[in-house]
Amino acid sequence: MSEKKSQSKSFPLLPLRDVIIFPHMVVPLFVGREKSISALEQAAKNGNELFLVTQKDASILNPERGDVYDIGTVVSIIQMLRLPDNTVKVLIEGKYRATVDEFDCSDSGYFATVKKCQEELGDQVGLEASMRSIKNVFENYVKLNKRIPPELLMSINSINDPSRLADIIVAHLTMKIPQKQEILDATNVEKRLELLLEKMQGEIEIINVEKRIRSRVKNQMEKSQKEYYLNEQMNAIQKELGNRDDGKSELVEFEERLKEKDMPEEAVQKVEKEIRKLKSMSPMSAESAVVRNYIDWMLNLPWNEMSVDDNSVNKAKEILDSDHYGLEDVKERIIEYLAVRSLVEEGEGKGTILCLAGPPGVGKTSIARSLAESLNRKFVRISLGGVRDEAEIRGHRRTYVGAMPGKVIQAVKKAGTSNPVILLDEIDKMSSDFRGDPSSAMLEVLDPEQNKNFGDHYIEVEYNLSQVMFIMTANDIGRIPGPLRDRMEIINIAGYTPFEKLQIAKRYLLGRAMKQNGLRDDYTVTISDKLFNRVITGYTKEAGVRNLERQVSTIARKLATEVVTSNIEKGREFKLTEKQIEKFLGPARFDRSEVENESEVGLVNGLAWTSVGGEILNIEVVTVPGNGKLEITGKLGEVMQESAKTALSYVRSIAGRVGIGHEWFSKNDIHIHVPEGATPKDGPSAGITLATALTSAITGIPVKQSVAMTGEITLRGRVLPIGGLKEKMLAAKQAGVKTVIFPWKNKKDLLKIPTEIKGGLDLYPVKEAEEVIKLALELTNPEEFFKVVAAASLKVVEADESQVAN
């Protein structure tokens with residue numbers, strides 16, 4: 001098909017802002033710029049034709065050639081009307097595309113010499129296919145875009161000219177100016193149709209995404225409106241029931257409490273942030289409950305609220321003495337603490353961390369409560385027995401379901417003050433597993449240099465624990481890790497003597513038992529010291545007084561039952577006899593004397609320390625013909641087994657001095673046994689006991705059963721120091737032992753042992769195992785024992801040497 005070369009023609013030019021006019025479009029325009037109005041007037045005088053071209057930047061008031069696109073549209077003016085505000089409304093119709101050849105800008109207006117664009121149709125089949133695709137896609141576009149009238153589809157379907165079809169459809173699309181200009185620039189009709197199809201499909205995709213977003217937002221709004229409506233209904237119902245304040249919402253209450261609360265700046269900022277977050281949340285969402293709970297915790301914690309200490313030493317001494325008998329070491333340390341507190345200025349003293357170590361039932365927990373009372377501080381107890389999760393101490397992070405602060409922060413909140421007395425009960429019973437090591441977490445809690453900045457995972461801000469007085473209790477301090485033990489001031493509380501138990505029973509236990517069983521005010525119960533001692537020695541075997549309290553309570557219950565069943569009048573006095581005690585408590589469970597009356601070969605009374613106090617540990621040794629085998633039974637631990645082997649080696653080294661030849665050990669078996677085989681036994685204090693039992697069994701010399709001993713031994717026969725001497729001597733006293741042998745290096749411990757325990761005991765500190773053997777064996781002349789046999793052993797050694805020489 002032949003095409004004529006188009007001729008250039010001059011037209012008044014009207015630059016457009018934010019709009020593109022296509023051929024075949026009929027559209028009204030509002031013109032306000034003077035030069036643009038002048039162009040309209042010139043067009044009206046010269047055939048009503050005008051050239052429209054779009055500005056690249058709509059903000060330019062007087063565009064130059066480079067500020068407008070190269071291709072525009074020649075239009076004809078259908079109608080023009082001047083408005084009262086000096087603007088002109090003009091109705092135009094697009095004719096054809098034209099390219100700018102020359103651009104003239106003068107004071108009278110814009111003029112341009114343009115050349116009509118020649119269109120290239122391309123392949124007829126391709127055009128037909130593109131037209132069908134465009135009509136189908138445009139139909140989908142009209143269904144999605146409600147702003148296009150459906151009647152337009154009928155006129156579109158009737159168009160057969162591909163160029164006109166493209167120009168009419170693009171005029172109704174919501175597209176950016178550069179995209180529309182790209183289609184206007186396309187003089188190739190087939191390419192124009194492809195561009196149009198691509199742009200329409202992109203617009204349809206955008207409309208679908210917008211539709212999904214609107215649907216999602218609508219559903220969320222409907223849900224929020226529904227929740228709001230239901231919450232308002234609940235508020236109205238609660239208001240009618242009188243369960244809700246009229247004036248304050250929860251958020252307002254939080255803000256008011258925050259203003260009144262004395263908190264560190266870091267904590268204030270954290271709470272303010274959480275309150276702002278809570279305001280933007282739905283009241284019924286799961287996260288809002290978490291945030292609300294956190295704010296409540298922060299506002300309920302005592303940040304700078306302290307009770308006023310009562311540092312009166314005399315008052316504290318009076319309270320401690322009235323609640324507890326004995327325990328002088330603990331009372332003395334508490335009095336020292338109060339005396340220091342009364343002298344230092346407030347805030348200068350460090351927190352006190354005491355550990356009360358001793359067997360059960362000696363009053364560790366109750367003395368901590370009395371201490372808090374004497375200081376006028378709040379008292380909170382934390383049980384650490386079985387705690388194996390680090391989060392129990394440091395708290396859970398708020399990302400976990402059901403998160404809450406650790407036990408320390410919970411205790412401070414429960415106390416309501418920043419300086420309570422917190423009892424960490426059974427700290428030696430903590431353990432660790434895959435969830436962490438709580439004893440390591442306790443290092444920060446119990447370090448006065450660190451706990452002023454204690455970090456709990458839940459509250460997420462530092463909390464000052466330096467004013468808290470921590471008191472710990474433990475039965476076995478050996479089970480407490482070294483770094484944690486290093487932070488404590490350990491006060492050992494040994495078991496009570498029979499005299500102390502008697503005083504405790506008379507002063508505290510009997511009156512408490514009578515009150516608990518309804519007998520104190522209306523009846524009088526009298527128990528003599530002799531009967532109390534009968535109960536203490538015959539029905540209890542413990543370091544503390546817990547079982548003694550149970551026995552006294554049993555007596556009170558039996559008396560209460562007798563009062564009710566026999567209708568005994570009020571005011572009667574009960575004077576208990578030994579027969580009544582046996583009737584109420586049954587036959588005695590324990591024999592006062594634990595040791596044998598007669599001296600025996602190979603049987604020695606050892607003294608052992610356990611977590612519940614001292615114990616008598618009998619060690620038996622027998623020898624039988626054999627081939628030199630050593631048998632050890634009684635469920636002994638590794639340490640005691642090594643002590644047995646060490647003791648045997650020592651005895652073999654002195655065998656010649658006690659008249660035993662070396663060949664004896666290869667012809668006899670030795671069996672070492674510690675009774676009560678079901679009970680595990682271990683510890684480094686049975687060496688001299690084993691050596692004495694072995695010497696007795698090998699020589700056949702009996703051991704005095706009135707003697708008990710404790711101490712470790714070396715291969716050279718040195719006696720090493722031990723621990724728990726007070727508890728061991730107390731066990732010996734209760735068992736009826738007369739003589740106690742102990743290491744020389746433990747003499748210093750005698751100063752701290754009460755006279756009630758030491759009285760009536762013959763105490764022998766020793767340095768060498770030979771001294772132990774002389775004291776324990778039934779010897780006619782102990783001083784000559786080793787000397788007499790020395791000559792005999794010398795002959796044996798000389799005979800052995802002559803055999804070696806031969």
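**Salt bridges and their surroundings**

Mentor: E392 is partly exposed, at 30% relative accessibility (buried is under 20% relative accessible area, exposed over 50%, partly exposed in between, with a 1.4 Å probe and protein chains only). The model is predicted, so local features need pLDDT of at least 70 and side-chain atom pairs count only at pLDDT 80 or more, while totals for chains, interfaces and linings use all residues. Residues are numbered from 1 along each chain as its sequence is written, and side-chain values use heavy atoms, without hydrogens and water.

The side chain of E392 meets that of K407 in a salt bridge, 3.9 Å from N to O (a Lys or Arg side-chain nitrogen within 4 Å of an Asp or Glu carboxyl oxygen). E392 is in helix α13 (residues 391-394) and K407 in helix α14 (residues 407-415), so the bridge ties together parts 15 residues apart in sequence. Helices are DSSP runs of H or I with at least four residues, numbered from the N terminus. K407 is also partly exposed, at 25%.

Salt bridges with shared partners also join K270, E274, K277, R398 and E460 into one network. Within it, K270 pairs with E274, with 3.9 Å between the closest N and O atoms. These two are 4 residues apart in helix α8, about one helical turn. Both count as buried: K270 has 18% relative accessibility and E274 has 1%.

K261 and E305 form another salt bridge, their closest N and O atoms being 2.8 Å apart. This pair links distant parts of the chain, 44 residues apart, from the loop between α7 and α8 to the loop between α9 and α10. K261 is buried at 16%, whereas E305 is partly exposed at 33%. The whole structure has 29 salt bridges.
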